[in-house]
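Here is a short briefing for a first look at this protein. Start with the overall picture, then follow the helices and the core.

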Amino acid sequence: MSKSRRIIAGFRFKCGIIFRRLFTLYNIIMMTVIGAIVYVVMIQELEMADDHVTSRLDEFQSAKFTKQALELTSNHKSINKRQIGKQENFKGQTQAVSVYRTSKNSEISTPADRNVIDNMPPMDPPKHLPIIKVKYRGKQSRLKLSSRQVKYITPKKLTNRDVLRALAHPRLFPTSEQPPIQDIKGRIATSLNDWIQANSPRDRHKFLVYSAFWDDRFEQNNNVRILAIMVTKNPPAVFCRLQMSDGKTMDARVVRKVMNEHWKLRYSSCFLSCEVPKNTLPPLKVLVSLNRNFTFSAMLPVHQNKENIASPRGDLAVCVKPLHYSYDRATWLLEFIEFHRILGVEHFFFYNHTVGPNVDVLLRHYISQNIVTVLPWSLPVLSQKEIRTEAIFSSLNDCVFRTMYLFHYVILLDFDEYIIPREHESYLDMLNQLEEDNKHIRGKPGSFVFKNTFFYLYWENDTIAYGVEPEKPPQWVPYFLTQYKTRRLSTAMKIGSRSKFIVVPERVVEVGNHVVWRHTSGSRAISVPDTVGLLHHYRICEFGGFGCLKKDNVVDRTATKFGAELLKRAMHRCRIIYPEMQGQCPLSPPLGSPW
């Protein structure tokens, strides 16, 4: 075989393979469907091109009609009845000059008629958009539809081409689920006591601020401390502008300090310190932003506790992390408040993320008695996924700064924790004794740290305090954890492990959940012996299951010495707060699943 024949045979062989692979049954069906779709679209394109041209709304110019143009049109021999009818319908919908139709070959009759037309008052605009087909020769006669704009100048019939383009561009047909496009040119968000966003909503990460406090405790400079939430990794620069009492403004350098125990989640609580010279007077407001020109920013009032005469004052206050998950354990919250009031606490600071109906009624009562302050906590980030436990460290540090110079001591606890004095009848007696015992130690006491011990809820109830089981007829004694749970672990945990503390607010800089991270110069933490005070922690097994019940344990009835007074106070409050329950307190919640 010659060379040319071999080439031809090889070419035919390859073409046969390509033909057999290409023209299978599946490929033939698909090519037929695609061809039909292309044919339908091309036919509709040609029909619409002959009918009218659709243009952009912002490029559309309304047609202009003059008397001369109408006269020429009316004199034209080729005009027919349909075109004359369109002209008359059009002159009723616009403010163009009207044409009076007199006969089949109508004309503008006389100059008097023209004067009447000139003197006609303008007509009201149409209530509904008329259907107008106008051949408009723009710069781009064949405009393509964009995926973000609707290009119809008039209502028209939905075609197959529109359906195909909608499938390719879902945003072509906006629905009610899509949020409207907002024209955001910049704004300043303001708030008194809640989280607000200080950057653009279009930014990838949120920048949130809650409160600002004047801090003049340090010799180097004064600071405006801002409680904020920022992205943990590679945070952007922050800019601060202070508004003084005389109306002037001052830009300050911002120092960012991330609070500890953030678990390396997406967001973390942090301090933003706006540093100003030492002789600077306290500002009234602070403006904080991620932009130098403060296009998107947040304005906060600067709290000055030394000059605050409206806030509650006293010796002892309690701060608790945010109430969340629709917290509705009303009886245990009532026990928490009244038990601490017996020990000398004068005011409570709570942060409300979500609460249930029973707790809501309870808190409103205590607010009216000026015993409780509830601050809103509308946190717009996901707890435990994007930030640690409802931004707990922001709430605890906010409470410390909020009570600074107003209360001598502040206790930071959870609702299932109680610091129980073992040798004294009140907190003040215990704290005075601790300060007296530590006078010889260098540095002033800035915090008193108490060891933790667990009172597991699955241990049996102890009825020695009231003699009856809780919530049983006919007495219906409330289920108080401090009175019915008396069995605890035989050994307390070490300082820093589940421990809690009482602080002197002006002697601490940053607090955590279980330790005080930073004190002021010349202050220190005092470890309290478990023979003087102990933290009682009432909960289920911390790692699930029932294995914790097998640990060495002892019976500790120290808290039951306050049982009689606690029951008297609680029943009095329940009769006032819940009159529909005939003197009873709400039932306690289930203990919870150990798994």
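The model shown is predicted. The protein chain has 12 helices and 23 strands.

**Helix H7 with helix H8**
- H7 and H8 pack with their axes 9 Å apart, at an angle of about 25 degrees.
- The two helices, H7 and H8, are therefore roughly parallel to each other.
- From H7, the contact uses Ala 330, Leu 333, Leu 334, Ile 337 and Glu 338.
- From H8, Asn 358, Val 359, Leu 362, Leu 363 and Tyr 366 take part.
- Sorted by class, the contact of H7 with H8 has 8 nonpolar, 1 polar and 1 charged residues.

**Helix H8 with helix H12**
- H8 covers residues 357–368, and H12 covers residues 563–577.
- Their axes lie 11 Å apart, and the packing angle is about 105 degrees.
- That angle makes H8 roughly perpendicular to H12.
- On the H8 side, Val 361, Leu 362, His 365 and Tyr 366 make the contact.
- They meet Arg 573, Ile 576 and Ile 577 in H12.
- This contact of H8 with H12 has 5 nonpolar, 1 polar and 1 charged residues.

**Nonpolar cores**
- The largest nonpolar core has 61 residues.
- Those with the most contacts inside this core are Leu 333, Phe 336, Phe 348, Phe 350, Ile 411 and Ile 419.
- Helix H7, residues 330–342, gives the most to this core, with 8 residues.
- Apart from this core lies another, of 37 residues, and Val 231, Tyr 267, Val 410 and Phe 501 are among them.
- Leaving out residues up to four places away in sequence, Ile 411 touches Leu 316, Ala 317, Val 318, Cys 319, Val 345, Ile 419, Tyr 427, Phe 501 and Ile 502.

**A histidine in a loop**
- His 424 sits in the loop between strand E14 (417–421) and helix H10 (427–437).
- Is His 424 buried or exposed?
- His 424 counts as buried, because its relative accessibility is 14% and buried means under 20%.
- Beyond residues up to four places away in sequence, His 424 touches Asp 429, Met 430, Gln 433 and Lys 561.

**The chain as a whole**
- Of the 595 residues of the protein chain, 42% count as buried.
- Among contacts with a separation of 6 or more, 74% join residues 24 or more positions apart.
- The accessible surface of the protein chain comes to about 33,900 Å².
- Carbon and sulfur atoms hold 54% of that surface.

Conventions:
Residues numbered from 1 in each chain as written. Predicted model: local features only at pLDDT ≥ 70, side-chain atom pairs only at ≥ 80, totals over all residues. Heavy atoms only, no water. Core = buried A, V, L, I, M, F, W, Y, C linked by side-chain atoms within 4.5 Å. Buried < 20%, exposed > 50% of the residue type's maximum accessible area, 1.4 Å probe, protein only. Helix = DSSP H or I, 4+ residues; strand = E, 2+ residues; numbered from the N terminus. Contact = heavy atoms within 4.5 Å. Areas by Shrake-Rupley, 256 points an atom, 1.4 Å probe, with all protein chains shown as cover. Axes fitted to C-alpha atoms, helices over the stretch in contact; angles between N-to-C directions. Parallel < 35°, antiparallel > 145°, perpendicular 65-115°, else oblique. Nonpolar A, V, L, I, M, F, W, Y, C, P; charged D, E, K, R; others polar.
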